[in-house]
Amino acid sequence: MEATANHTQIVTGWAGKDSSGKVAPHVFKRRENGPEDVTIKVQFCGMCHTDLHYLKNDWGITMYPVVPGHEITGIITKVGLNVTNFKVGDRVGVGCIYASCLNCEFCEASEENYCDQVQFTYNGIFWDGSITYGGYSEMLVANNRYVVRIPESLPLDAAAPLLCAGITVYSPMKHHNMFQAGKKLGVVGLGGLGHVAVKFGKAFGLHVTVISTSPNKEKEAKELLNVDGFIVSTDPKQMQASSRSLDYIIDTVSAKHSLGPILELLKVNGKMVLVGAPDKPVDLPSFPLIFGKRTVSGSMTGGIKETQEMLDVCAKHNIKCDIEIVTPDYINDALARLARNDVRYRFVIDIASKSRL
Ligand code: NAP
Ligand code: ZN
């Protein structure tokens, strides 16, 4: 049988067709709702910088046409025969992970993100051999294993970016035991991922310092996000004054940069986690590492169980993303603004706006 023989549902979405970094309306097909699947009417989809990397083919792995979007929230409209954990009308989310092998040690531990056969929600290859298309689209079919529940107290729009930005910072923060009140956290890059890292830090009582290339973000960061410190990374004096002051750093920067000056901000034995994914290698000089016995590690999104846990933590601590809602006809303007670092702090597409009118 051809990979897409049961892909009979026609869906409207928005796709990039070349490396211009733009999308255009796109009609494509999704599979029928299988026994383990749920069908989701997409309400909102966050615009992650990863979407831009894929649209522009920054990493050289884009399969066009690409329908981006992995910060998806919506309402279930159909459930498969074997689905017991969801019902029609449920408020749910889908993040970066769309399929995995289900058998390896990582899948068994719900660390599907580290399965070596993990497939993403877009630009991935599903079990049936079809290419996956993401949430810049009106409807999604997903295996229930990779679907999470959005807590009632979280609005579907401000919760959407938690499905990628939220879990991507929550997972390493938890793994490295960063949720300790009084410890000093540095967040490099105050964008989509960065602003959620700040919110987790503040919710768990950490002293949070933003390290930013944008002096114009300082006032708002202090007044609205309640950050305790703000360092302009392009000012060597400010950087020097904060040398050896931080216990942990999360680096969310989307472009090539040097980790050297940032590592100097860590105390001896301090830990840095890199979650930003620039297309070119970052500079990692050895001296700041060896002189401070510092550690640099990486982390990729989070597993499904942990994503649900993160959402529940957000509900408990009332953590919502700061978003700018846009309609689908504004996606290209929003992408251009995201590329020039002009967003506070996440664009969220109101996918269902047309049908809600
Ligand atoms: P974003 O909203 O664009 O934020 C990135 C921030 O990086 C910007 O707000 C800016 O902060 C800073 N920045 C931008 N250009 C810079 C430069 N040339 N030098 C230094 N700083 C710069 O992006 P995002 O959606 O948070 O994503 C950030 C990165 O994480 C992307 O590369 C994305 O692909 C990656 N990502 C990784 C994972 C994972 O699983 N590891 C998951 C999602 C996303 P300031 O203005 O404060 O300097
Ligand atoms: Zn993302």
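Helix α1 supplies the largest share of the shell around ligand 1, namely three residues. Please bear in mind that this is a predicted model. The shell comprises 29 residues in total, and the closest are H49, S212, T213, S214 and R346. Sorted by class, 16 of the shell residues are polar, 11 are nonpolar and two are charged.

Which atoms of the protein approach the oxygen atoms of ligand 1? In the side chain of S212, an N or O atom is 2.6 Å from an oxygen atom of the ligand. The backbone also takes part: a polar backbone atom of T301 is 2.8 Å from a ligand oxygen, and a backbone N or O atom of A277 lies 3.0 Å from one. Of the 920 Å² of accessible area that ligand 1 has on its own, the protein covers 88%. Two elements give two or more residues to this shell: α1, residues 49–55, and α5, residues 192–203.

R346, one of the closest residues to the ligand, brings us to strand β17, residues 346–350. Is this strand buried or exposed? Five of its five residues are buried. Both faces are covered, with R346, V348 and D350 on one side and F347 and I349 on the other.

The neighbours of β17 are as follows. Strand β3, residues 37–46, pairs with β17 in the antiparallel sense over three bridges, and G46 has V348 as its bridge partner. Strand β16, residues 323–326, runs parallel to β17 and is joined to it by four bridges; here V326 stands opposite I349. Together with helix α11, residues 331–339, strands β16 and β17 form a right-handed β-α-β unit.

I turn now to the backbone. The loop between α11 and β17 contains Y345, and the peptide bond from R344 to Y345 is cis, with omega near -10°. A cis peptide bond also joins Y64 and P65, with omega about -5°; P65 is in the loop between α1 and β4.

Finally, two residues other than glycine have positive phi values. N226, with phi near 60°, lies in the loop between α6 and β12. Its relative accessibility is 44%, so N226 counts as partly exposed. K293, with phi near 45°, is found in the loop between α9 and β15. Why does K293 count as exposed? The reason is its relative accessibility of 54%, as the cut-off for exposed is over 50%.

Notes. Residues numbered from 1 in each chain as written. Chains lettered and ligands numbered in written order. Predicted model: local features only at pLDDT ≥ 70, side-chain atom pairs only at ≥ 80, totals over all residues. Heavy atoms only, no water. Near = heavy atom within 4 Å. Polar contact = N/O pair within 3.5 Å; in protein donor to acceptor, adjacent residues only side chain to side chain. Areas by Shrake-Rupley, 256 points an atom, 1.4 Å probe, with all protein chains shown as cover. Nonpolar A, V, L, I, M, F, W, Y, C, P; charged D, E, K, R; others polar. Buried < 20%, exposed > 50% of the residue type's maximum accessible area, 1.4 Å probe, protein only. Pairing = 2+ DSSP bridges. Right-handed = clockwise from strand over helix to strand, strands pointing away.
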